[in-house]
Amino acid sequence: VSTRVRWIALGVGLVVLVLSIVLALNVGGSEPTLGATVINKSIDWNVTSLDGEEVSPATQPGKTIVVNFWNTWCIPCLEEAPALHEFYERHQDDPDFVMVGIVRDDTESAVRRYVDAEQVGWTIAMDDENSRASLAFGVTGQPETFVIAPDGRVAGEQRGPTTIADLEAMLQAARSGS
Amino acid sequence: MRRVAPWLVLFVLVAVAAVFLIARSSPSDAPDARARRLEHELACPVCTGEALAESNAPEARAMKAEIPELIADGMSDDAIKQHYVEIWGERILLKPQNDGIALIAWGLPVIAIILGAFGIAFALRRWSSQPRLAATADDEVEVERARRGGERTGGDAPQAPIRRERVGREEEHAGDDA
């Protein structure tokens, strides 16, 4: 193999390597993003729960709000449900804790049936016809989970199914103000 | 004047066509036209590689309803795009921007074309430097034999096989014509 061919092969290899690194850095996994250095934005949002109560950072002052976007036909949402149930059981009595499930792209009747059947204890709200909550949070599908710190800042977000460990980490980040 | 007339007509036709094409290709500033254009430049946030215009997802419908409102509020096209970039990041833009990592999207095809052109030039140069037909050892012997025969007999040497064949064919044709 001539020297020139070797140099060409080396150049092609380097280009492929650089592109692989760039792609690897830009393709996100489903791990939560934590901390104010990563996410330091406030979101103006409010929803009305199935019980008719308005939920927003303004109605929950000083509290950490866990917001989970989901719907009844989404398989990953059903898969993460046990983790959400356990997490809610752990923290429902915490004075600074609120958990809200916001439903996107589903019917209210299906959601009500699911909530009754699965005995969902946390607040459930339908996103409105203008998808205002989804647009405010920048939702890209479901399930997606966001944790809002008491100051209204998004302290953690997770695109894709969550776990107990991820939820605890995001809650901790919100409470610690990091 | 008669000689110039056709050219004049041709010039007028080309000028009219050019003006018509330029007028048609310049983007309209009408709010509806701007909204339609933005719907093709922005991606549906909950879809994969689908333009807003093509999507019927709730978020896409909401954005399509919101864009005319933002235009009516006096926002420029760039400001509207930036508004959505702040929510979803640059993935919301179907056309990559001209800076940062997006430069790769613009630069790669150019690099590929340049490399391809160099490759073709290199290959052509290499092919043109090699003889298309190389004489075999048998050919060399034949030529040498013919040459030596010619030297020996002063041009009245025994005919080489190819020449003999050609002369034979000419004689046949002459016989046919007669």
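Begin with chain A and chain B shown together: between them they bury about 1,200 Å², 65% of it on carbon and sulfur atoms, where buried area is the accessible area (1.4 Å probe) that two parts lose on being put together, summed over both. This is a predicted model, in which local features need pLDDT of at least 70 and side-chain atom pairs count only at pLDDT 80 or more, while totals for chains, interfaces and linings use all residues. Residues are numbered from 1 along each chain as its sequence is written, chains are lettered from A and ligands numbered from 1 in the order in which they are written, and side-chain values use heavy atoms, with hydrogens and water left out.

Next, select the residues in contact (heavy atoms within 4.5 Å), which number 17 from chain A and 14 from chain B. Within this selection, show the side chains of Arg104(A) and Glu59(B), which meet in a salt bridge at 2.5 Å, N to O; the term requires a side-chain nitrogen of Lys or Arg within 4 Å of a carboxyl oxygen of Asp or Glu, and the rule finds one such bridge across the interface. On the side of chain A that touches chain B, the elements giving two or more residues are helix H1 (3-26) and helix H4 (132-137) of chain A, helices being DSSP runs of H or I with at least four residues, and strands runs of E with at least two, numbered from the N terminus.

Now move into chain A and select strand S7 (residues 144-148), where five of its five residues are buried, that is, under 20% relative accessible area with a 1.4 Å probe, protein chains only. In a regular strand the side chains alternate between the two faces of the sheet.

Strand S4 (residues 64-70) of chain A runs antiparallel to S7(A) and is joined to it by five bridges, with Val66(A) partnered by Val147(A). Strand S8 (residues 154-159) of chain A also pairs with S7(A) in the antiparallel sense over five bridges, and here Val147(A) stands opposite Gly156(A). Follow the hairpin of S7(A) and S8(A) through the five residues between them to Gly152(A) in the turn, which has a positive phi of about 90°.

Finally, select helix H2 (residues 31-41) of chain B, where Ala33(B), Arg34(B), Ala35(B), Leu38(B) and Glu39(B) are buried; their cover includes helix H3 (58-72) and helix H4 (77-88) of chain B.

Definitions and conventions: Buried < 20%, exposed > 50% of the residue type's maximum accessible area, 1.4 Å probe, protein only. Pairing = 2+ DSSP bridges.
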